[in-house]
Amino acid sequence: MWRATILTLFPEMFPGPLGLSLAGEGLAQGLWSLEARNIREHGLGRHRAVDDTPAGGGPGMVMRADVLAAAIDAAAPADDARPRLLMSPRGAPLTQKRVREFVAGEGVVILCGRFEGVDERIIAARALEEVSIGDYVLSGGEIAAMALLDACVRLLPGIMGGEASGEEESFESGLLEYPQYTRPRDFEGRAIPDILLCGDHAKIARWRHERALELTRARRPDLLARDGKKR
């Protein structure tokens, strides 16, 4: 079973949307598991403190390395082969390639930061991989963790009705996905392109590739540059 462990100050946020739709059905069927653990259980003193003022001064609070180390060690012992992730806006951007690498393993352990962030020393001490879902800042890592898990879980065997349905989606081929259409044939004067109704699968495939390439050039030329290909 593919296992996800979340370390958070707000375990009640989970499963949240992950308990619905395909991910939720897979969770109920035992195709994957989700455990949300409260970091505050390892907090210090009567108030279970998990943070302190930043060294050198500055606004806000920083999550303590000793508290986080205790939480990580309790959730993922040294022999746990799952990657340990920290959701962070300064992390490496999450890609479909990295998602597939996560899916190929036993699962993930995700630390969700809060406040001004975490003590830098815990990142090195517990070999945390920093992962970003975009160039913006959220209140905490929980929503980012949900996005990562949703991207992973939908690719697990048995989750999607037809596994082939994910093979032509955006980013799988290095391109954005081609436009999709369905009934009615005409909608407010806008018709389904005739080629999609011609029955010639080779022509349809070629048309879809050309449209995907056009969209990628217009909206995400960085994807083509990253691939190092001229298409």
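Which residue in S7 is the bridge partner of alanine 92? In this predicted model, the partner of alanine 92 is valine 131, and this pair belongs to the contact between strands S5 and S7, which run parallel and are joined by five bridges. The report below begins with the protein as a whole and then returns to the sheet in which these strands lie.

**The whole protein**

The protein contains seven helices and nine strands, and its C-alpha atoms fill a box of roughly 70 × 40 × 35 Å when this is taken along the principal axes. Of its 231 residues, 39% count as buried, while the protein exposes about 13,300 Å², of which carbon and sulfur atoms supply 53%. If one looks at contacts between residues at least 6 apart in sequence, 72% of them join residues that are at least 24 apart. The protein carries 30 positive and 34 negative charges, and the mean positions of these two groups are 3 Å apart.

**The five-stranded sheet**

Five strands form an open sheet in the order S2-S1-S6-S5-S7, and their pairing is parallel. Strand S2 (32-38) and strand S7 (129-132) stand at the edges with a single partner strand each, so one side of each is left without a neighbour in the sheet. On average, and with direction ignored, neighbouring strands of this sheet are turned by 35 degrees against each other.

| Strand pair | Bridges | Residue pair |
|---|---|---|
| S1 and S2 | seven bridges, parallel | alanine 4 and leucine 34 |
| S5 and S6 | four bridges, parallel | arginine 84 and valine 109 |
| S5 and S7 | five bridges, parallel | alanine 92 and valine 131 |

Strand S1, which covers residues 2-8, pairs with S2 in the parallel sense, and within this pairing alanine 4 stands opposite leucine 34 of S2.

Which strands does helix H5 lie across? Helix H5, made of residues 142-153, lies across S1, S2, S5, S6 and S7, and runs at about 175 degrees to S1. Helix H2, made of residues 65-75, lies across S1, S2, strand S5 (84-93) and strand S6 (107-112), and its direction is at about 160 degrees to S1.

Conventions. Residues numbered from 1 in each chain as written. Predicted model: local features only at pLDDT ≥ 70, side-chain atom pairs only at ≥ 80, totals over all residues. Heavy atoms only, no water. Pairing = 2+ DSSP bridges. Helix = DSSP H or I, 4+ residues; strand = E, 2+ residues; numbered from the N terminus. Axes fitted to C-alpha atoms, helices over the stretch in contact; angles between N-to-C directions. Contact = heavy atoms within 4.5 Å. Buried < 20%, exposed > 50% of the residue type's maximum accessible area, 1.4 Å probe, protein only. Areas by Shrake-Rupley, 256 points an atom, 1.4 Å probe, with all protein chains shown as cover. Lys, Arg positive; Asp, Glu negative; His and termini not counted. Charge placed at Lys NZ, Arg CZ, Asp CG, Glu CD.
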